[in-house]
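Here is a short briefing on one protein chain. Look over the sequence and the model first, then work through the points below.

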Amino acid sequence: MQPQSKTLSPTRRSPFRVLWALCGFVVLASLVHLNIGSHAWYAPWQVVGELLRGHLSDSDHPFNNIVWSIRLPRVLECVCVGGILGAVGSAFQAQLRNPLAEPYVVGVSSGAAVGSAIAMVMGFEAWFGGLGAAACGFVTGMLALALVYGLASRRGGVDVSTLLLAGVIVGALLSSVLSLTILLAGQNANRVLEALLGTMSTATFEKDAILFGALVAGSIVLIRQTRLLNAFAMGEESAARMGVDVARLRAIVLITGTAMTAAAVGAVGIVGFLGLVAPHISRRVLGVDWRFSLIGSGLIGAGLLVLADLIAQRIGGVFQMSMTEVPVGIVTAVIGAPSLLILIRKKG
């Protein structure tokens, strides 16, 4: 037991100091995003000054409207979505005891994307106070998770390797369904495709409020399970002998993670690899104690998505592309895919 306890030791550095430093990273990345934006650059003190002044509704203060109506909602959306994907990725990797697990790999993101696409094509994405896409995404995400879980179940247990393989297969199948849905969208195909590739251009405070609620509520549920996840890291049988209800823990983590992912996908589309990369960075700086690394993963995911969205806004102008910005999901995939290849190489 002694070697295992050393493994769960967070780090020689104080984990609370590291978490505060990660909070500073998120704040700094957010300020840089607010300063640079998609076109005009502004001095940091100008942005802070407008934030302190509050939102002025008159048209005599154009920069104030840019900060409050365009840039701030977008930054907050990045923070919420990045936090959701980072926290869920960390929880899934702990629950499945596999460093390659994340919402996209286990098929949850693809399932939620299908539901969101159907909601947009059928025209009821704005139902339930703007929660139509997220609600459909939750239903189809849960169905995808149930299918993957059923394929991986063996004699009352779940084989992790089979679950991940089933997630990849189901994800590929759902990608085909998603492509068919986009083809059937007709004139709305471009809008649906752009939305599902990951975009923050439609950010609003109303949408941010929904995402913030999903982030806070889901994170509270997941953080309350971190002590059990620490026990689960020793092995499923060892956790059961320590009194952990393995089936209940798995259900709480997977259902909560699916709901959070559905909210994120329904709001901005698929942002791949972020839920894979953020937990690995968090464990490097905080150790594998899930009480700290799960929170750290959410903060890292938030900061990384803020920076990725800033790159997405600027890359179109740098390369003189016809579009003003590229979908942020493409940026995270370009960054995350090499990270996944490096991880697989090290694992081999």
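The chain folds into 16 helices and two strands. Helices (H or I, at least four residues) and strands (E, at least two) are DSSP runs, numbered from the N terminus. This is a predicted model, in which local features need pLDDT of at least 70 and side-chain atom pairs count only at pLDDT 80 or more, while totals for chains, interfaces and linings use all residues. Residues are numbered from 1 along each chain as its sequence is written, and side-chain values use heavy atoms, with hydrogens and water left out.

**Overall picture**

- The chain has 348 residues, and 51% of them count as buried. Buried means under 20% relative accessible area, exposed means over 50%, and partly exposed is in between (1.4 Å probe, protein chains only).
- Take the contacts in the chain with a separation of 6 or more: residues 24 or more positions apart account for 73% of them. Contact means heavy atoms within 4.5 Å.

**Nonpolar cores**

- The largest nonpolar core has 70 residues. Ile 84, Phe 92, Leu 164, Leu 196 and Leu 305 have the most contacts inside it.
- Such a core is a set of buried Ala, Val, Leu, Ile, Met, Phe, Trp, Tyr and Cys residues joined through side-chain atoms within 4.5 Å.
- Another core, of ten residues, lies apart from the largest one. Among its members are Leu 19, Phe 292, Leu 299 and Ile 300.

**Ile 84 up close**

- Ile 84 sits in helix α4. Its relative accessible area is 0%, so Ile 84 is buried.
- Which residues does Ile 84 touch, not counting residues up to four places away in sequence? They are Leu 211, Ala 214, Leu 215, Met 260, Thr 261 and Ala 264.
- Ile 84 and Ala 264 are 180 residues apart in sequence. In space, their C-alpha atoms are 7.2 Å apart.

**The aromatic pair**

- A search of the whole structure turns up one aromatic pair.
- Phe 16 lies in helix α2 and Phe 292 in helix α15, so the pair ties together parts that are 276 residues apart in sequence.
- Rings of Phe, Tyr and Trp (its six-membered ring) pair if their centres lie within 6.5 Å. Planes under 30 degrees apart count as stacked, over 60 as edge-to-face and the rest as tilted.
- Are the two partners buried or exposed? Phe 16 is exposed, at 54% relative accessible area. Phe 292 is buried, at 12%.

**Pocket and cavities**

- The second largest pocket holds about 370 Å³ of space. Of the 19 residues that line this pocket, the closest to its centre are Val 79, Leu 215, Gly 298, Leu 299 and Ala 302.
- Four helices each supply at least two residues of this lining: α2 (15-36), α4 (62-96), α10 (205-223) and α15 (290-318).
- The lining of the second largest pocket has 15 nonpolar residues, four polar and no charged. Ala, Val, Leu, Ile, Met, Phe, Trp, Tyr, Cys and Pro count as nonpolar, Asp, Glu, Lys and Arg as charged, and the others, Gly among them, as polar.
- How many cavities of 30 Å³ or more does a search of the whole structure find? There are two.
- The largest cavity has a volume of about 60 Å³. Its lining residues are Val 81, Leu 85, Glu 102, Tyr 104, Ser 109, Val 265, Gly 269, Ile 270 and Val 271. They divide into six nonpolar, two polar and one charged.
- On a 1 Å grid over the protein atoms alone, a cavity is a set of points where a 1.4 Å probe fits but cannot get out. A pocket is an open set with protein on both sides within 12 Å along at least five of seven lines, and lining residues have an atom within 4 Å of a point.
- Grid points are joined across faces, edges and corners, and a volume is the space filled by probe spheres set on the points.

- Ser 293 is found in helix α15. Ser 293 counts as buried, at 0% relative accessibility.
- Thr 181 lies in helix α8 (residues 160-183) and is buried, with a relative accessible area of 11%. Leaving aside neighbours within four places in sequence, Thr 181 is in contact with Ala 117, Ile 118 and Val 121.
- Phe 273 lies in the loop between α13 (246-268) and α14 (274-286). Phe 273 is buried, at 18% relative accessible area. Its phi is near 70 degrees, a positive value in a residue other than glycine.
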